[in-house]
Amino acid sequence: MKLTSQTNYAVRMLMFCHSKGDRAKVKEIAAFYGLPERFLFNILQRLTAVGLMETTRGRGGGIRLARPAEQIMLGDVVRLVEENFEMAECFEAGGTDCPLINTCGLNKALSEALRSFFDSLNRYSIADLTGSEFNIDVLMRLNLAMKDPAQGEAN
């Protein structure tokens with residue numbers, strides 16, 4: 001299974017916003033990750049629709065987490081943003097013609113694996129994925145120091 005880049009950067013947007021600790025702008029997130037703003041705006045729409053981010057327009061506006069990072073679990077984010085977890089034909093919407101659908105050992109094993117996948121991811125919150133021991137906080141402090149050396153020394 002491979003997550004889409006949309007899911008990958010949805011998690012990274014949440015991490016960025018938590019690490020920043022203040023309202024962020026899509027423009028600065030795009031610059032930080034080297035991504036097109038339009039791509040991030042599409043992700044932001046999804047994150048806002050599912051209640052993970054909130055936006056404020058106007059001067060001083062921006063985006064931020066809709067709830068504390070400690071309450072945003074990684075598995076929940078992946079489940080809300082990723083569009084497809086069809087590991088086999090029998091997982092597809094509309095079902096299959098297979099007569100074993102409800103008694104299939106493969107179906108049972110794959111369903112259990114998918115549950116385990118989300119259970120494992122849900123052991124981590126967005127807050128767990130950030131912090132001084134992880135690169136995002138270090139990179140954000142370096143970016144700040146390069147823009148304003150006086151600010152970088154304060155941290």
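How many helices and strands make up the secondary structure of the chain? In this predicted model, the count comes to seven helices and two strands. Read from the N terminus, the elements follow the order α-α-α-β-β-α-α-α-α. The chain has 155 residues, of which 33% are buried. Of the contacts between residues at least 6 apart in sequence, 62% link residues at least 24 apart.

Once its neighbours within four places in sequence are set aside, I63 is in contact with M13, C17, D22, R23, A24, V26, I29, L44, M53, E54 and T55.

The packing of the helices comes next, starting with helix 1 and helix 3. Their axes lie 10 Å apart and the helices pack at an angle of about 75°. Angles of 65 to 115 degrees count as roughly perpendicular, and helix 1 and helix 3 are therefore roughly perpendicular to each other. On the helix 1 side, the contact is formed by S5, Q6, Y9, A10, M13 and L14, while helix 3 contributes F39, L40, N42, I43, L44, R46 and L47. Sorted by class, the residues of this contact are nine nonpolar, three polar and one charged.

Helix 4 (residues 74–81) and helix 5 (residues 105–121) form another packed pair, with an angle of about 125° and axes 6 Å apart. That angle makes helix 4 oblique to helix 5. L74, G75, V78 and R79 of helix 4 meet F117, F118 and L121 of helix 5 in this contact. Its residues divide into five nonpolar, one polar and one charged.

Which residues of helix 4 are buried? They are L74, G75, V77, V78 and V81. Viewed down the axis of helix 4, these buried residues fall within an arc of 160°, so they line one face of the helix. The partners against which the buried residues of helix 4 pack are helix 1, helix 3 and helix 5.

The loop between helix 5 and helix 6 (135–147) holds Y124, and T130 is found in this loop as well. Is Y124 buried, partly exposed or exposed? With a relative accessible area of 42%, Y124 is partly exposed. Leaving out residues up to four places away in sequence, Y124 touches I72, M73, L74 and L129. One of these, M73, is 51 residues from Y124 in sequence, yet the two are 5.9 Å apart in space, C-alpha to C-alpha.

T130, in contrast, has a relative accessibility of 6%. Buried means under 20%, so T130 counts as buried. T130 and R12 are separated by 118 residues in sequence and by 9.8 Å in space, C-alpha to C-alpha.

Terms used. Residues numbered from 1 in each chain as written. Predicted model: local features only at pLDDT ≥ 70, side-chain atom pairs only at ≥ 80, totals over all residues. Heavy atoms only, no water. Axes fitted to C-alpha atoms, helices over the stretch in contact; angles between N-to-C directions. Helix = DSSP H or I, 4+ residues; strand = E, 2+ residues; numbered from the N terminus. Parallel < 35°, antiparallel > 145°, perpendicular 65-115°, else oblique. Contact = heavy atoms within 4.5 Å. Nonpolar A, V, L, I, M, F, W, Y, C, P; charged D, E, K, R; others polar. Buried < 20%, exposed > 50% of the residue type's maximum accessible area, 1.4 Å probe, protein only. Arc of directions from axis to C-beta.
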